[in-house]
2 protein chains.
Amino acid sequence: MNDITIRPAVKADVPAIFRLVEELAEFERLADEVETSAERYLRDGFGEKPWFHCLVAEETDGSLIGMALYYFGYSTWKGRMLYLEDFMVQATHRRQGIGRALISGLVAEGLKHDVQLMKWEVIDWNEGAKAMYRSLGGDLDSGWINVKLYRDQLESWTPA
Amino acid sequence: MNDITIRPAVKADVPAIFRLVEELAEFERLADEVETSAERYLRDGFGEKPWFHCLVAEETDGSLIGMALYYFGYSTWKGRMLYLEDFMVQATHRRQGIGRALISGLVAEGLKHDVQLMKWEVIDWNEGAKAMYRSLGGDLDSGWINVKLYRDQLESWTPA
């Protein structure tokens with residue numbers, strides 16, 4: 001963790017953030033699921049009404065080696081929520097406390113906004129990540145199944 | 001569906017919306033998980049920066065018999081997202097197309113905001129709901145596990 005800075009992302013970070021997302025998707029063997037682009041992140045995350053926020057971990061030479069992309073949502077049962085959409089530290093920089101520092105930044109951000117809950121997803125075969133999240137005290141809840149409707153399905157939706 | 005109106009929720013709907021949330025949580029045998037209140041929904045959903053939005057299904061006598069509570073989020077892989085947090089039609093009013101009408105309203109709202117994805121969760125033993133979502137073309141993806149950190153854990157978080 002020496003010489004690593006955790007800070008909010010700025011526009012100039014977007015290409016590096018997008019590369020980290022791609023790297024993580026490759027690791028998860030789902031790279032072909034990525035349909036976004038750096039241009040879209042720039043439009044959607046840095047306009048007047050940002051659709052997401054992002055913390056980055058930066059080395060002294062300016063390279064980004066980790067990031068945590070999140071947005072605010074709501075749980076009808078718990079209340080205000082910080083949803084961690086994507087969280088990544090480069091393989092070469094793991095086990096140095098950078099992930100923990102990013103999570104610390106998120107926790108601080110969440111408490112600042114009075115959230116009651118922080119939530120994210122982990123792919124079911126990633127035992128290392130699951131063990132880490134359990135060690136944080138995370139509730140790994142497999143009693144719910146995610147359902148998704150994609151754009152083409154939304155566009156072809158037949159109204160009632 | 002005769003004489004049912006689908007419209008955005010207003011402040012006066014909040015007590016009825018909260019009752020529907022409680023009713024659904026009871027059906028899911030998780031009523032003691034509900035830690036929110038009508039007061040909190042009022043504060044969080046109807047202030048200057050709403051944490052969520054809601055569509056309601058109203059009968060001609062003014063009673064609410066269904067609702068869909070949602071917020072906007074972001075998928076790093078797909079882009080802009082509408083997240084359906086809670087979705088409920090009262091048991092006495094099912095199989096009349098009200099759920100479908102609420103979903104139609106959500107799809108219209110999502111497309112208006114140029115979302116690429118609509119996402120929600122279903123409890124794993126609710127085969128009726130799962131079958132309905134599959135019939136909509138939904139992708140029921142069980143390869144991911146949800147992780148949650150609650151408020152007491154956030155407050156006792158030890159910084160790196």
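Contact here means heavy atoms within 4.5 Å. The model is predicted. Start at one residue, B:Asp13. Leaving aside neighbours within four places in sequence, B:Asp13 is in contact with B:Arg7, B:Pro8, B:Val56 and B:Leu64. With B:Arg7 there is also a polar contact, side chain to side chain, at 2.8 Å.

B:Asp13 sits in the loop between strand 1 (5–8) and helix 1 (14–27) of chain B. Is this residue buried or exposed? B:Asp13 has a relative accessible area of 7%. The cut-off for buried is under 20%, so B:Asp13 counts as buried. B:Gly62 lies 49 residues away in sequence, yet its C-alpha is 9.8 Å from that of B:Asp13.

Now turn to the interface. Chain A brings 73 residues to the contact, and chain B brings 73 residues. About 7800 Å² is buried between the two chains, with carbon and sulfur atoms giving 57% of this area. On the chain A side, A:Trp51, A:Tyr74 and A:Trp77 supply 12% of the area that chain A buries against chain B, more than any other three residues.

Polar links cross the interface too. There are 10 salt bridges between chain A and chain B. One of them pairs B:Lys78 with A:Glu35, the closest N and O atoms being 3.0 Å apart. The chain A side that touches chain B has 36 nonpolar, 16 polar and 21 charged residues.

Strand 7 of chain A (residues 144–150) runs antiparallel to strand 5 of chain B (residues 117–123), joined by 7 bridges. Within this pairing, A:Ile145 stands opposite B:Val122.

Note on methods. Residues numbered from 1 in each chain as written. Chains lettered and ligands numbered in written order. Predicted model: local features only at pLDDT ≥ 70, side-chain atom pairs only at ≥ 80, totals over all residues. Heavy atoms only, no water. Buried area = accessible area lost by both parts, 1.4 Å probe. Salt bridge = Lys/Arg side-chain N within 4 Å of Asp/Glu carboxyl O. Nonpolar A, V, L, I, M, F, W, Y, C, P; charged D, E, K, R; others polar. Pairing = 2+ DSSP bridges. Helix = DSSP H or I, 4+ residues; strand = E, 2+ residues; numbered from the N terminus. Buried < 20%, exposed > 50% of the residue type's maximum accessible area, 1.4 Å probe, protein only. Polar contact = N/O pair within 3.5 Å; in protein donor to acceptor, adjacent residues only side chain to side chain.
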